[in-house]
Amino acid sequence: VACQFCSTLNRVDLSRVGQHPKCGECGRPILLDRPLHVADATFQQVVNGTDVPVVVDFYADWCGPCKMMAPILDDLAHDHASEVLVLKLDTDRNPATAMQFQVRGIPTMIVFSKGREAARQTGAVPRAQVETLLAGMAG
């Protein structure tokens, strides 16, 4: 994952989140209990280099339904910090990745497993529906 402070990509074992991993470059903490921002430049490397399911929130700052989803995804990242990686991609600043995955409406959440799209949900939904999306993907 990319360090929130210096943007260096780090390999992190999510089963050891409780040991508070630090960035190999700047030494600051890698905070995996919240959604991490990715960009076109880092998206593929982060998603393909992750062994756990990845939930990507395709959003825009101006989008009302996206703002409604933000606390749900914050809670999801916090509650599943060692099981799921939650990422956020701003579609206005990173249009190439949004186009690659044919994101036509926001918010769109795509769940990736082993680097491949496994499930998708467009629109604001309750947390239970996001959990169902993850559970259905795991089964």
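**Entry 1: second largest pocket.** The lining consists of A2, C3, Q4, S7, L36, H37, V38, A39 and T42. The volume of this second largest pocket is about 160 Å³. A pocket here is an open set of points on a 1 Å grid over the protein atoms alone, where a 1.4 Å probe fits, with protein on both sides within 12 Å along at least five of seven lines; lining residues have an atom within 4 Å of a point. Grid points are joined across faces, edges and corners, and the volume is the space filled by probe spheres set on them.

**Entry 2: basis.** I note that the model is predicted: local features need pLDDT of at least 70, side-chain atom pairs count only at pLDDT 80 or more, and totals for chains, interfaces and linings use all residues. Residues are numbered from 1 along each chain as its sequence is written, and side-chain values use heavy atoms, with hydrogens and water left out.

**Entry 3: largest pocket.** I recorded a volume of about 300 Å³ for the largest pocket. Of its 15 lining residues, V1, R11, V12, G49 and T50 are the closest to the centre. The lining comprises 7 nonpolar, 5 polar and 3 charged residues.

**Entry 4: T50.** I found T50 at 12% relative accessibility, so T50 counts as buried (under 20% relative accessible area, 1.4 Å probe, protein chains only). The T50 side chain reaches the backbone oxygen of V46 at 2.4 Å.

Note on methods: Ala, Val, Leu, Ile, Met, Phe, Trp, Tyr, Cys and Pro count as nonpolar, Asp, Glu, Lys and Arg as charged, and the others, Gly among them, as polar. Buried means under 20% relative accessible area, exposed over 50%, partly exposed in between (1.4 Å probe, protein chains only). A polar contact is a pair of N or O atoms within 3.5 Å; within protein, one must be able to donate a hydrogen and the other to accept it, and residues adjacent in sequence count only if both atoms are side-chain atoms.
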